[in-house]
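Thanks, everyone. Have the model open on your screens, please.

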Amino acid sequence: MAKYYGLNELREMFLSFFESKDHLRLPSFSLIPQNDASLLLINSGMAPMKPYFKGEVEPPRRRVCTCQKCIRTGDIENIGKTARHGTYFEMLGNFSFGDYFKREAIHWSWEFLTEVVGLEKDRLFPSIYENDEEAFEIWNKEIGIAPENIFRFGKKDNFWEHGSGPCGPCSEIYYDRGEKYGCGSLECTVGCECDRYIEVWNNVFSQFDNDGNGNYTELAQKNIDTGMGLERLAVVCQDVNSLFDVDTVMNITRHVTKITGAQYGQSAKTDVSLRVITDHIRASTFMIADGVQPTNEGRGYVLRRLLRRAARHGKLLGVNRPFLFEVVETVIRENESHYTYLRERAEHIIRVVRNEEENFNRTIDTGMRIFGEKLAAHKANGEKVFSGDDAFLLADTYGFPIDLTAEMLEDEGMTVDMERFTVCREEQRVRAREARKALGDLGWAGIDFGSDVTATEFVGYTEFNCEAKIVAVCVGEEVTGSIAGGEKGVIVLNKTPFYAEMGGQAADHGVLMMGDSRFEVTDVQKDKGGRYLHTGTLTRGAMKVDDAVCAAINVERRKAIMRAHTATHLLQKALKAVLGDHVHQAGSLVEPDRLRFDFTHYSALTPEELARIDKMVQDASLEGYGIDIREMPIEEAKAMGAMALFSEKYGDTVRVVNMGSYSIELCGGTHLDNTAKVGPFCIESEGSVASGVRRIEAITGKLCLQEMARNRENLYAACASLKTKPQGLQEKLAEQFEEIKGLKRAIETIKAKEAAGEVDRFLFGARNISGVRVITAAVAQADANKLRQMGDLLRDKDASVVAVLATVNDGKITFLATCGKDAVARGLRAGDLVKLVCTECGGSGGGKPDSAMGGGKDATKVDNALALVDDFVTSKLQ
């Protein structure tokens, strides 16, 4: 029987063991992949290591170990239904980049499992690739495993490869959990699909290079990539049924049962819902902590899908209020011993979860109604397949992830037309791609310049120009080696003063010069290989690879960008001071003397808050804090209290921007040397950009001065018009407003007298039909308000009146019908009258028995319509 260890204990045991084997312990990388467009979220321990395996980046050490947070949602429909599936899991891994290989990897895996964890040797069974005799010899001759207990599997199970590139055989280690977890078959053994023999360790020996055509050659540098699921190891050590039953996960489930009142083990259906909620809130907590926000695309959609799926399972358990946010605290408590940053970000995580729950609750009722209507229509037609268009409508408009729709349909014995749904989704993506064409030059960043073109040295922190050598040229998306006059292209230099667009800061502009040749730089991007891609147009001359050029940035533009960037740091400090520590940067854009700053906050800022924030930034500028920028170890930076973006992954050495200890942030951008150089600062707007995210736009420096000058010109122009001075403008305006009000009142009085006079004339000429006084008239130069006023006067003056008035303005007809109380008592209705005349003129209308209004389209028929009134009244009174 394996010794019991808690999940948090096992994690530390693994990392400490490999530290004793000279491995560098690395913290878990963010769930948000860095410079890897192939992944939405990190899904394995090896994923963040790809740059090291590919040789694109030098690893911090040849031996490293990690416990990596991972998210996988490919089989989300099985979550809660099986013992093995979970969206969030942790992957223990030890890695060698050209250092040790099979012998050490196998020996250390065996040593850890048997001597450190204490798993029984007679319950452990290794597997190898069928032709890997080297691994067999190590297991058999050195570890002492009998040949019959070493299992050989083919390429499908024990050979890791993904297209062309590094690949190699695997050696897995299985643990026999005993007959109680088995399928009962006499042929049950390693490799069976039941839960008896569980894989706990996988050694991947990356020793070959696949050319993509099935040809394999030995790699000069052989690597080790091992992985072991932390939760899976805990299942073995704690002798529990599934990953949902291990200590830290079950503590979360217990909190969910307390809220819902559902008991774990009560029924299979209830258990599925409890597991889904537990798994999804666990995954969501870590995703939000790493900077993911709920959105309708990409990783944000994954998060939204998890939270809404969990909320729906809460409703299945009878919880019709937001509750997931309450469970976040338990998730944090169970994991904060290793992931200490969770506690720091707790308030933010809870706010995001609660906000998303509340939003979903507001839409789900409408969505359920639409779903019910669509479902009823399908059933009425005897259909068993739900329309893909309807499913897409639910997902796109009402926030129902397709899997929720599919689950609800499954309960109804129906399926969804996924093929059509996919078409609808792809059509939307095509529309989105068309909208993104404006990105233009960003497409250059995907060019393959080859390994000979190395990273560009950036000298722009201290230099505005430098001598450099052209190392690559690209024209028309092809690496050409040269560029001629009039051509647009990309030039890569060995070093550059140009800042590439990064971290929200706009790229530098400027020129590359060589003799009479001149290349105008209008954008700079940095590719994965660290090359700075200077995009622009060769306005004259020619340039080619190996040419020496002078690279010079537009200094005025750079200074304006630095003013805005420094102001952004002062703004973030002010936001935290005024609104609270829950404020975190959610995005930014820094352009010449203009900035846009997105931040987490859950309500609109009041005028008073905006005024305080604006004043704090200006005060910090006027203080003239010296700005000190230094590189230092990240731990030293944290000790100083430096703010960092929690969605970013930082190395051991970081760049700290310290503004007189007033604001201290980790930042790779360009800044002033004193806050006083920010100059004037002005917030122009504040608003919402997403759920729980606000945006402030502001201007600084010369742009702010220009705006102030325009405002001053407008002020003096207004004063000249009103014949006053600026200090008397407000008083003068107040006088003008009072005068205007008085004039308006006088005009209204005149209009009222005029209307009363017209009413008297109408009454004098009224026709008597069976004791009812009937009036029809076209009123010139009137609007709806005047007609309504005249109708009220007619009713007040004569209870037996029936009147229909019309006016025409710009070809549009307005009708008013009014009936006095005696006329109403005799069965006449203003609504009936207005419908009669409006219909005659091609319009519509309606209203109450005593007053109704409507409109018409054909002004030539107004007289005809009014002529119908007498006959209508006569017919009603007979």
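Start with helix H16, which lies across strands S23, S24, S28 and S29. Its direction runs at about 30° to S24. A word on terms. Helices (H or I, at least four residues) and strands (E, at least two) are DSSP runs, numbered from the N terminus. Axes are lines fitted to C-alpha atoms, for helices over the stretch in contact, and angles run from 0 to 180 degrees between N-to-C directions. Contact means heavy atoms within 4.5 Å.

Now the ground rules. This is a predicted model, where local features need pLDDT of at least 70 and side-chain atom pairs count only at pLDDT 80 or more, while totals for chains, interfaces and linings use all residues. Residues are numbered from 1 along each chain as its sequence is written, and side-chain values use heavy atoms, with hydrogens and water left out.

What is its strand order? The order is S23-S24-S29-S28, in an open sheet of four strands with antiparallel pairing. Two strands pair if DSSP finds at least two bridges between them. S23 (585–591) and S28 (681–690) are the edge strands, each with a single partner, so one side of each has no neighbour in the sheet. From one strand to the next, the twist averages 15°.

Look at the pairs. S24 (residues 594–600) and S29 (residues 693–700) run antiparallel, joined by seven bridges. There, Phe599 stands opposite Arg694 of S29. Helix H19 (residues 701–722) also packs on this sheet and touches S24, S28 and S29. The direction of H19 makes about 80° with that of S29.

S28 and S29 are antiparallel too, with eight bridges. Ile683 has Ala698 in S29 as its bridge partner. The two strands form a hairpin with two residues between them. Gly692, in the turn, has a positive phi of about 80°.

Next, His601. It sits in the loop between S24 and H17. Is His601 buried or exposed? Its relative accessibility is 10%, so His601 counts as buried. Buried means under 20% relative accessible area, exposed over 50%, partly exposed in between (1.4 Å probe, protein chains only). Leaving out residues up to four places away in sequence, His601 touches Leu579, His582, Gly692, Val693 and Arg694.

Now a helix pair. H16 (residues 555–579) and H17 (residues 607–623) have axes that come within 9 Å and cross at roughly 135°. The two are therefore oblique to each other. Angles under 35 degrees count as roughly parallel, over 145 as roughly antiparallel, 65 to 115 as roughly perpendicular and the rest as oblique. Residues in the contact include Leu570 and Leu571 of H16, and Ile613 and Met616 of H17.

Eight bridges join S32 (residues 801–809) to S33 (residues 812–819), which run antiparallel. Val804 stands opposite Ala817 in S33.
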